[in-house]
Amino acid sequence: MKIIKIITLLLFITFPSKIYALIEVDITRGNLNPLPIAVSALYSDKETTETLKKELKINQIGEEISIVIENNLKATGLFNPLEKKAFLQKPDVAHLKPRFEDWSLIKAQALITGKVEFKDDKVRVEFRLWDVLAAREMLALAFTTVPNNWRRIGHIISDKIYERLTGEKGYFDTRIIYVSEAGPKTQRVKKLAIMDQDGFNTKYLTLGNELVLTPRFNPTNQMVTYLSYFKNLPRVYLLDIETGIQEVVGDFPGMTFAPRFSPDGKKIIMSFAKDGNSDIYTMDLENRIVERITNHPSIDTSPSYSPDGKFITFNSDRSGYQQIYVMKSDGSKVKRVSFGNGLYGTPVWSPRGDLIAFTKLHKGKFYIGVMRTDGTGERLLTENYYQEAPSWSPNGRVLIFYRETKSDSEGKGFSAKLWSIDLTGYNERQVITETDASDPSWSSLLSN
Amino acid sequence: MIFNKSTYNLILVSIFALLLSACAQKAAKIDSQIQGDVYTGTDTVEYLADGVPDRVFFATNESVLTTASRDTLRKQAAWLRKNSDINVVLEGHADERGTREYNLALGERRANAAKDYLMTYGISENRISVISYGKERPVDSGSNPLSWSKNRRSVTVKAN
């Protein structure tokens, strides 16, 4: 994406050294004691503040960026951003040399400071991460970009801080594509929508004239594959997000659905339904060659590749009921992996490769869960009246899915919302969207 | 107004009895509309012609045609044979208690079950097209077993 090129890493003031790092955040367990962190407003001089106030219609650029960072860190459940009112040091002084006693007095263990400058129509943002108890700098970086990208700078800084403190890549400079919903249940209007991971910058990619479902990003986040009922012919489509150009995938004499990209982005894998039988196919986007992957009279759907592209997990009712299967990517060695009570659907392979997330339906309840790729170690993360379709954060630590509520006989009380939950089963939270929403799909990191 | 105790009790009892019978009627009504998990009522049914219902209903997760469904489809086939200029679309649907992608496949399987039956009664494949809406177009908005049973359906719609 063009935006990424604009952002350049200007300087690397200190190289983060892990040897002396005192602060460590463990993300493998539910965190009951989130790390107290002080995110100071980033300093900007009067001229910068005034210019950007006019251009971006925000009050204080440095403070706004610090709020983006604060909200990101808070949403992980791993950090507890402290009240700015309690801060004793001014942003400019703190950024030069923090008085660590002042920050430890308010119980901050980590401190983030920074500075914003406007020069030659670009903003330059630098920040530092400090270990308060050890009284030393842990990380310092600077970025330059066009002013409109100021929120992304906040996300990129959040990713750098998360990575420095947890040892794993973050997931803040990402987007969610989803289906925006409105209207009564019997005539629901659905549009493709895209937004930043924190719910800002929502854009609608289709007008709602036809039913659209299940959008998924390609690995570079420039393309989306989804199901559209354009001209009442349900088919898998490909959409270029920047140009808006759409095309049908393949020339199938019937419904194609449940599309996803292969990890290299070269193929689309999907179901094709004919004569009451759904099987899994791939289409190569370069040479347009279509390959049949499964050939079974049952329903085979919801395919998802392993990150190395060697395996496919999918949903089939060949045993009589919906269960999860794994096979080699050429369709050989099909093996059932779900054996628990209930029905299993929507398997998605984690970006780390070690887990499959799924939806489970048992005794009238819906669960989001994970299991190892051989089906062992099943863990149910959340139970609800209706929820399905998990999608992984790019670092494999968080799942986003959608949840529907019960309605009365007139359809009142119905809603569809996005939710996220940590792999630990903790930190369940609603992801705020402008409208009702379903079928979320998480992008990979935009700046990498 | 002043009641003595026995009058008061009598009123209470009769209110109770009224409530109970209302409940029983309601339960009986639902029972008579669902048999073996399949909707057997006529609330949502429309007619392609006099005495020719437009839809058939299915049990949860099933695409097997019931005796009643086969009867309906035979009527549709007879009507189609008489009206050879009419083509139809079979719209397959699922209820809201399943994952979206599987339900798309299930709706397609249901519509095809109906199509196969019409074909065995002499209707040419060329006259029938099939579309699945999965759980996307319920006819009844409720979140209860009766609503769900009305939504598990294949509807025959005139295409021209």
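The following conversation works through a predicted two-chain model and asks how its descriptions are reached.

Trainee: What pLDDT do chain A and chain B average?

Mentor: The pLDDT is the predictor's confidence in each residue, from 0 to 100. Chain A averages 93, with 94% of the residues at 70 or above; within chain A, however, residues 1-21 fall below 50, although this stretch has 28 contacts in the model beyond near neighbours in sequence. Chain B averages 88, and 81% of its residues score at least 70. For the model, the scores are ipTM 0.92 and pTM 0.91.

Trainee: Why is A:Arg403 called buried?

Mentor: A residue is buried if 20 or more other C-beta atoms lie within 10 Å of its own, exposed if 12 or fewer, and partly exposed in between, with C-beta atoms placed from the backbone. A:Arg403 has 21 C-beta neighbours inside 10 Å, and therefore counts as buried. This arginine lies in strand β28 (residues 398-404) of chain A, where strands (E, at least two residues) and helices (H or I, at least four) are DSSP runs numbered from the N terminus.

Trainee: Which residues is A:Arg403 in contact with, leaving aside its neighbours within four places in sequence?

Mentor: Two residues are in contact if their C-beta atoms, placed from the backbone, lie within 7 Å. By that rule A:Arg403 is in contact with A:Asn384, A:Tyr386, A:Gln387, A:Lys417 and A:Trp419.

Trainee: What makes a set of residues a nonpolar core?

Mentor: The set must consist of buried Ala, Val, Leu, Ile, Met, Phe, Trp, Tyr and Cys residues joined through C-beta atoms within 7 Å. The largest such core has 79 residues, and those with the most contacts inside it are A:Tyr226, A:Met270, A:Ile356, A:Ala357, A:Leu399 and A:Ile400. A second, separate core of 39 residues includes A:Ala41, A:Tyr43, A:Ile69 and A:Ala108. In soluble globular proteins, nonpolar side chains tend to be buried together.

Trainee: How do you know that the span of helix α3 of chain A agrees with what it should be?

Mentor: The expected span of a helix is 1.5 Å times one less than its number of residues. For the 15 residues of α3(A), residues 61-75, this gives 21 Å, and the end C-alpha atoms are 21 Å apart, so the two agree. Among the buried residues of α3(A) are A:Ile61, A:Ile65, A:Val68 and A:Ile69, and just after the helix A:Gly77 takes a positive phi of about 75°.

Trainee: What are the domains of chain A, and how many residues of each are in contact?

Mentor: Domain bounds come from an automatic or database domain assignment, which for chain A gives domain 1 (2-166) and domain 2 (175-442). Their C-alpha centres lie 35 Å apart, and eight residues of domain 1 of chain A are in contact with ten of domain 2 of chain A. On the domain 1 side, α3(A) gives the most, with three residues.

Trainee: How many residues of chain B are in contact with chain A, and which element gives the most?

Mentor: There are 21 residues of chain B in contact with 33 residues of chain A, and α3(B) gives the most to the chain B side, with ten residues. Chain B itself has four helices and eight strands, and buried residues make up 41% of its 160 residues.

Note on methods
Residues numbered from 1 in each chain as written. Chains lettered and ligands numbered in written order. Predicted model: local features only at pLDDT ≥ 70, side-chain atom pairs only at ≥ 80, totals over all residues.
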